[in-house]
Amino acid sequence: MVTISGSPPSSRVVVTGAAGFIGSHLVDALLVHGYEVVAVDRRGSESIVAVANLGGAMGYERLRMHCGDLAEMDISSMLTGADVVFHLAAVPGVRDSWGARFDEYVRTNISATQRIVLACEQAGVRRLVLASSSSVYGEASSPSAEFDHAAPCSPYGVSKLAGEQLALAHARRRDTRLSVVALRYFTVFGPRQRAGMGINQALVSALFDVAVPLFGDGTQRREFTYIDDVVAGTLAAAWIHAQAEVINIGGGASTSMREVLDTAESVTGRSTTVYPMPEQAGDVTTTCADLQRARQLLGYQPAVGLEEGMRRQARWLQDLPPDVRISLLPSESRRFDDYRRCRFGK
Ligand SMILES: NC(=O)c1ccc[n+]([C@@H]2O[C@H](COP(=O)([O-])OP(=O)(O)OC[C@H]3O[C@@H](n4cnc5c(N)ncnc54)[C@H](O)[C@@H]3O)[C@@H](O)[C@H]2O)c1
């Protein structure tokens, strides 16, 4: 279980993007530790994945759920009495950010972030913890440290850098009470991971016998970070002494996609099937985190490695009800229709 150190006994906190992969785990941890949680997401009860992600949390009376779009909804009323806001809502993903959906990235990752910051200032919130991304760094030949030059290689990375810097600019004002800690997460994995992410695809291929795309030659390396470590770092960021900080949250090692496929095979005992796809614009060769600041400021130490984390994610995938499982299949899968027929008779 994720533990919280140095935090006040109990208070009201707000989590945006609460129905998502990371947000829902954060909500679970906060509830377990006695916090009153205001959870916000634009996905509501119509979303199979959102309902599954928040299934455990729904049993708590201390959870209040708001369904709405942060780019439009009234935010101030939700923040009344809140000590900390965890802002995780975003349009994620590098590949989609180039084309027609670009406006959505700007609307949520930048404009809605500005709305959150203003509402936090008005409501007297003490701390905004913001989910940023390793994508802000772009290509890196050595471990990326927080003061390195940021040169994002995708519109998604640009939008995350803009959102992060916007919030930090507010926190640097002399007349503000709001402090901001931006956490640059390095590829997060574990139960509830988004369907399109590499580790989910590798495990789905092995467990359910579907072919999944492999972009490029599979030598691209990512620093994978297990969800419990991300939640632990995020919780710690709420209560450290800070005014305007950026901190990396990584897993402690970089691994290639080929190695991820091999690990999927070893933890499931089944083979994977991939079909080659061209390298995607914006996919950098390597991500790798310098974790010195995280250690110093947060006492952060990643505890779950790739193999153990993938074993846990595989168990979660196997235990999912069929309707949730099917919504986690990569949509690009070539054998999707066959899969539906043979597994679910649809
Ligand atoms: N998953 C990763 O590997 C990773 C890596 C780096 C950074 N991050 C960042 O972490 C955060 C969470 O990522 P995730 O993987 O859990 O994504 P996710 O898509 O699972 O969750 C994001 C949630 O935000 C909600 N949302 C999006 N736009 C919204 C809006 N306008 N109003 C209200 N709700 C909105 C979505 O409905 C979704 O439930 C994001 O800020 C993302 O950029 C994630």
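Me: Over which residues does pLDDT stay under 50, and how many contacts beyond four places in sequence does the model have there?

Reply: Where pLDDT is low, the predicted coordinates should not be read in detail. In this predicted model, pLDDT stays under 50 over residues 334-346, and the model has 15 contacts beyond four places in sequence for them.

Me: What is the mean pLDDT of the chain?

Reply: The mean is 92, and 92% of the residues reach 70 or more.

Me: Is strand E1 largely enclosed or open?

Reply: Burial is read from how many other C-beta atoms lie within 10 Å of a residue's own, with 20 or more counting as buried. Strand E1 covers residues 12-16, and four of these five residues are buried, so the strand is largely enclosed by the rest of the structure.

Me: Which strands pair with E1, and in which sense?

Reply: E1 pairs with strand E2 (residues 36-41) in the parallel sense over five bridges. The bridge partner of Val 14 in E2 is Val 38. From E1 the chain crosses through H1 to E2, a β-α-β crossover that is right-handed. E1 also pairs with strand E4 (residues 84-87), again in the parallel sense, over four bridges. Here Val 14 has Val 85 as its bridge partner, and Val 15 stands opposite Phe 86.

Me: Which residues cover the two sides of E4?

Reply: Val 84 and Phe 86 lie on one side, Val 85 and His 87 on the other, and all are buried, so both faces of the strand are covered.

Me: What does E4 make with H4 and E5?

Reply: The three make a right-handed β-α-β unit. E4 and E5 pair in the parallel sense over four bridges, and His 87 has Leu 130 of E5 as its bridge partner.

Me: Which elements supply the shell around the ligand?

Reply: Helix H1 (21-32), helix H4 (102-123) and strand E5 (127-133) each supply at least two residues. H1 gives the most, with three. The shell has 26 residues, of which Gly 17, Gly 20, Phe 21, Ala 90 and Ala 131 come nearest to the ligand. By type, the shell divides into 14 nonpolar, six polar and six charged residues.

Me: How many residues of helix H7 are buried?

Reply: An α-helix has 3.6 residues a turn, so residues three or four places apart point the same way. In helix H7 (residues 227-237), ten of the eleven residues are buried, and the helix is mostly covered. Among the buried residues are Ile 227, Asp 229, Val 230 and Thr 234.

Terms used: Residues are numbered from 1 along each chain as its sequence is written. This is a predicted model: local features need pLDDT of at least 70, side-chain atom pairs count only at pLDDT 80 or more; totals for chains, interfaces and linings use all residues. A residue is near a molecule or strand if its C-beta atom, placed from the backbone, lies within 6 Å of it. Ala, Val, Leu, Ile, Met, Phe, Trp, Tyr, Cys and Pro count as nonpolar, Asp, Glu, Lys and Arg as charged, and the others, Gly among them, as polar. pLDDT is the predictor's confidence in each residue, from 0 to 100. Two residues are in contact if their C-beta atoms, placed from the backbone, lie within 7 Å. A residue is buried if 20 or more other C-beta atoms lie within 10 Å of its own, exposed if 12 or fewer, and partly exposed in between; C-beta atoms are placed from the backbone. Two strands pair if DSSP finds at least two bridges between them. A crossover is right-handed if, with the strands pointing away from the viewer, the path from the first strand over the helix to the second runs clockwise.
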